Amino acid sequence: MDFKHYLQVLKENTPYDFSNYSDNSIKRRLQKVIADNDLTIDELLEKTQNDKGFIERLVEDITVNTTELFRDPELWPAFYEKLLPMLKGKKTFNIWHAGCSSGMEVYSNMILLNELGLLDKARIFATDISANMVRQCKNGNYRYGFNKRQLTDFKAVLRKYPLNGITAIDFSKYFEIDEASDRITVKEFLRDKVDVRQHDLVQSNPPFYHKFDVIFCRNVLIYFNANLQSKVYQMFHKQLYPKGAMILGNHESLTGFYNTKFNKNGPVYTKSNSFHFKYH
Amino acid sequence: MVKGAYKAVVIGGSAGSFSVVSKLLSQLREDFPLPVIICLHRLKHVRSGLVESIRLKSKLEVIEPNDKEPIKGGKVYLAPSNYHMFIEYDGTFSLSTEEPLNHSRPSIDHTLSSAAYVYRNKLIGIVLTGANKDGAKGMKDIADKRGHTIIQDPKTCEMDTMPKSVAKLIKPNEVLTPEGIVKFLNQLAL
């Protein structure tokens with residue numbers, strides 16, 4: 001299949017534009033969708049033009065929705081070591097989880113903010129391209145078995161690297177756990193606090209008028225080509241307050257022009273105020 | 001062998017192949033000019049210090065690459081924990097957190113197959129000791145592109161499922177002991 005042609009058809013018939021995703025990854029994802037749905041190319045084209053439900057599932061399947069509670073457990077104390085001084089000095093602050101998937105990282109972060117006594121000051125926003133992921137993020141209902149290990153691992157990390165003096169978290173404050181049906185549900189006070197919206201990072205306009213103190217965007221931009229990455233970094237840069245922070249995945253790095261517009265501070269990128277003469 | 005016949009070496013193995021990889025890297029000559037791209041299964045939930053341990057042994061610099069990092073000769077690249085690692089046509093790595101393949105992330109098949117499409121007959125593919133069949137399909141892709149295929153001699157493997165699965169799909173160009181692999185790589189006219 002000529003996948004570039006297909007992406008063009010998708011772009012012309014739906015709100016979704018994957019043409020600036022990196023070639024190999026989008027090709028791989030499309031091949032998987034075609035194989036999983038047992039479709040011919042003609043059927044795929046027909047459904048793309050006429051079947052809205054199919055398109056929503058396609059978007060969910062094309063995008064990678066790997067997430068877990070306290071993913072990369074040892075990094076969270078490191079994030080907050082860098083973020084705390086800035087956040088503590090604010091009356092209120094805004095956090096955006098861009099590409100939030102089913103929301104496990106959003107709730108992990110909110111739990112830490114609550115433990116640090118900062119949740120009341122926080123306004124939390126989360127966006128994802130997939131309508132189904134937005135629903136899952138709002139519901140905060142996950143498989144328990146899948147997350148049990150993550151919670152145990154995070155407890156071990158806290159014992160070793162206390163977070164601002166916190167060495168243990170009582171997770172029963174935050175989750176209803178139903179072992180028999182293998183479900184873990186985020187409690188209402190957290191679910192009610194997060195504003196979840198459907199938004200595609202390919203659209204260069206952010207869905208907010210206000211600015212942010214912290215933007216989490218972890219393992220999302222790795223699926224984009226360098227050109228689109230640069231546009232998204234530009235948007236994040238614009239949406240951050242001075243000294244605002246951007247947090248990327250473990251093995252993502254800023255390259256190119258926007259590398260000069262942020263200061264790397266451990267795992268956290270801080271919006272730079274310095275004047276970059278050569279670029280103006 | 002023709003000079004410049006190869007552009008990269010790609011190696012797959014499971015967690016148990018650590019000691020073989022250490023041995024290879026400690027004995028590989030210091031001026032080895034090709035990129036050595038390694039995908040090992042690792043224990044996801046353990047901060048294993050794998051890269052640190054391999055660094056201690058290796059004469060070449062060992063890197064866990066970032067997404068879109070350029071691939072350079074004379075360096076050792078290790079697939080980072082919990083990411084798939086692919087080789088792209090523009091000579092860079094790309095990383096992905098999509099679903100595990102063969103129960104593995106990183107998956108050896110993903111790394112080997114993507115390398116086969118990029119380096120074609122200028123690639124050396126090596127599969128070491130391992131307990132599942134991940135890597136077999138990747139080695140077939142390398143063989144299909146006329147790359148050079150090597151498996152660790154199953155007699156020298158703690159777990160021989162991985163090299164044997166390769167041998168079921170293709171006839172490898174070489175079946176070598178760890179010492180034999182070192183010798184082969186060091187004698188390449190590069």
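Predicted model: local features only at pLDDT ≥ 70, side-chain atom pairs only at ≥ 80, totals over all residues.
Visitor: How many bridges join strand 7 of chain B to strand 8 of chain B?

Guide: Strand 7 and strand 8 (residues 148-152) of chain B run parallel and are joined by 4 bridges. B:G125 stands opposite B:T149, a residue of strand 8 of chain B.

Visitor: Which residues does the UniProt annotation "active site" cover?

Guide: An annotation comes from a record, and the structure then shows where its residues sit. The UniProt annotation, from an unreviewed entry, covers B:S14, B:H41 and B:D134. They are spread over 121 residues of sequence, yet they cluster in space, with a largest C-alpha distance of 9.3 Å.

Visitor: Where is B:H41, and is B:H41 buried or exposed?

Guide: Burial is read by counting neighbours: a residue is buried if 20 or more other C-beta atoms lie within 10 Å of its own. B:H41 counts as buried because it has 25 C-beta neighbours inside 10 Å. B:H41 lies in the loop between strand 2 (36-40) and helix 2 (50-57) of chain B. Not counting residues up to four places away in sequence, B:H41 touches B:S14, B:A15 and B:S104.

Visitor: Where is the place of B:D134, and what is B:D134 in contact with?

Guide: B:D134 is in the loop between strand 7 (123-127) and helix 4 (136-144) of chain B. With 29 C-beta neighbours inside 10 Å, B:D134 counts as buried. Leaving aside neighbours within four places in sequence, its contacts are B:N102, B:S104, B:S107, B:I108 and B:D109.

Visitor: How many helices and strands are there in chain A?

Guide: Chain A has 10 helices and 10 strands. Its radius of gyration is 20 Å, close to the 19 Å that the globule rule gives for 280 residues, so chain A is as compact as a globular protein of that length. Buried residues make up 38% of the 280 residues in chain A.

Key: Residues numbered from 1 in each chain as written. Chains lettered and ligands numbered in written order. UniProt positions renumbered as here; feature names shortened; annotations may be inferred. Helix = DSSP H or I, 4+ residues; strand = E, 2+ residues; numbered from the N terminus. Buried ≥ 20, exposed ≤ 12 C-beta atoms within 10 Å, placed from the backbone. Contact = placed C-beta atoms within 7 Å. Pairing = 2+ DSSP bridges. Rg over C-alpha atoms; globule rule 2.2 N^0.38 Å.
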